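Subject: A structure for you to look at

Hi,

Here is the structure I promised to pass on to you. Have a look at it first, and then read my notes below.

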Amino acid sequence: LTPPTNCAELLQMALLEEPAALVRDGGVIADGLDAELDELRGIQTNCDAFLLDLETREKERTGIANLRVQFNKVHGFYIEVTQGQLDKVPDDYRRRQTLKNAERFITPELKTFEDKALSAQERALAREKWLYEGLLDQLQPFVPALTALAQAMASLDVLCALTERSLTLNWCAPEFTKEPCIEIRQGRHPVVEARLAEMSGASFIANDTVLGPRQRLQIITGPNMGGKSTYMRQVALIVLLASIGSHVPASRCRLGPIDAIHTRIGAADDLANAQSTFMLEMTEAAQILHSATPHSLVLMDEIGRGTSTFDGLALASGIATHLHNKTQAFALFATHYFELTEFPATHTAAVNMHVSAAESGASIVFLHELQPGPASKSYGVQVARLAGMPAAVLNHARHALSALEAGASESRQQVDLFAAPPEAEAAGPSPVEAALAQINPDALSPREALDALYALQRLLPKS
Ligand SMILES: Nc1ncnc2c1ncn2[C@@H]1O[C@H](COP(=O)(O)OP(=O)(O)O)[C@@H](O)[C@H]1O
Ligand SMILES: [Mg+2]
């Protein structure tokens, strides 16, 4: 595909080397194409030279050494003469404006120039638009050729970009099979991986995915920040990349026919359209259940978040059941409802997976490794601690949690969530430890560090 020769010539002649993207503010048509446009542009560029020249001439003519020719948006062009020099002003000066120490004048010559200069810009723009319209008319016969050329270049651009990424990031060619499956070895999330390398130099933990007719639905549990959302999105991204003809961020990838990727992710209000978070969540989930097929990939990220626990859990289990029994799509179902880990026991094509985490003391380390089986617990309190939650709140939560857990195991007795934790049980970090943990030494000036030290000492129990 080559552009028709006369078309290329036309464009070269008519357009600036780097034309503006929009004709609205000009800067599109080349110099030398149109004498009138050149002249109008010339007036704008020669404006400064003319004013300097006029100033020199007027100084000579009047003998006023400090006379100045200037412009402002409100009053236009003017010649400014200070109070002491006013008796030298010639007859053809017309008063424009009076200031405290000076008068501003205009002359017929300057007025003529002003009219020309102010309208020049406007007329240049109008002229340029008119020339542009004309160019479009002249290009009419070449539109089909130009369209084909633009499409070919766009495809080439996309393919080059994907090829470059594939080579640079060590991606692999996916294999396509007839039998339904999604099998990914050492899959990675390309954006999170790049971001990690850039920010901390940490390496991304690759994970496998094996879905087939007998294992279609993964119930994914694990702590917040454990990597559930990342894992689910990476699977969707890999399927998407493979489907558009790209290599994928994995060491191996086998895919059966996939007809769609459906996702229910994140909680964003659409208040302008009168949809609450929960309404939006349910609307999206309903659409997915209506349109997904056994060849679809479905991502459900923490469905049921937007309502009360029992409501949410009930809906989440209903949706999981529907996906498993009726839709029969490949589904990744991340959930914070621990109860859903019971689901695979009664649903043969479902399996429990969890993102692993290790406890170290009262804290937690995320391993981001996907492993079979349900998560052992949800680590909410540990994550809150990492986030810098005040020690008193953590203490309270720990106490309430054990009460809830005990309450759930012994009959359903009432648990008083708002009772203060008994003093003796306040096992968490002491006030000094908590305050110490809040300090970031690198962010302190020597003076602030000293103040912090005094503040810590004041927190010590009085003996
Ligand atoms: N496989 C991984 N390897 C390395 N870091 C990861 C991985 N998965 C997630 N992370 C890190 O953990 C953060 C939280 O992950 P996310 O998927 O949002 O967790 P979750 O959905 O379980 O709360 C990510 O922003 C990323 O920095
Ligand atoms: Mg998440």
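The domain bounds used here come from an automatic or database domain assignment. With those bounds, the chain falls into domain 1 (5-143), domain 2 (171-388), domain 3 (390-423) and domain 4 (429-459). Please keep in mind that this is a predicted model. If you take the C-alpha centres of domain 1 and domain 4, they lie 65 Å apart.

Next, the inside. The largest nonpolar core has 28 residues, and those that touch the most other members are Ile-182, Ile-220, Val-248, Leu-297 and Leu-332. Several elements each give at least two residues to this core, including strand S6 (182-187), strand S11 (296-301) and strand S12 (330-334). Helix H6 (228-243) is also among them, and H6 provides the largest share, 8 residues. As background, nonpolar side chains in soluble globular proteins tend to be buried together.

Now for the surface. Leu-450, Leu-453 and Tyr-454 make up a nonpolar patch there, and together they have about 320 Å² of accessible area. Leu-450 is part of helix H13 (residues 446-459). Its relative accessibility is 42%, so Leu-450 counts as partly exposed.

Last, the cysteines. How many disulfides are there? The count is 0, where a pair of cysteine sulfur atoms would have to be within 2.5 Å. Cys-47 has 15% relative accessibility and therefore counts as buried, while Cys-160, at 46%, counts as partly exposed.

Enjoy exploring!

Best wishes

How values were computed:
Residues numbered from 1 in each chain as written. Chains lettered and ligands numbered in written order. Predicted model: local features only at pLDDT ≥ 70, side-chain atom pairs only at ≥ 80, totals over all residues. Heavy atoms only, no water. Buried < 20%, exposed > 50% of the residue type's maximum accessible area, 1.4 Å probe, protein only. Patch = residues over 30% accessible without salt bridge, like charges linked within 9 Å, V, L, I, M, F, W, Y side chains within 5 Å. Areas by Shrake-Rupley, 256 points an atom, 1.4 Å probe, with all protein chains shown as cover. Salt bridge = Lys/Arg side-chain N within 4 Å of Asp/Glu carboxyl O. Helix = DSSP H or I, 4+ residues; strand = E, 2+ residues; numbered from the N terminus. Core = buried A, V, L, I, M, F, W, Y, C linked by side-chain atoms within 4.5 Å.
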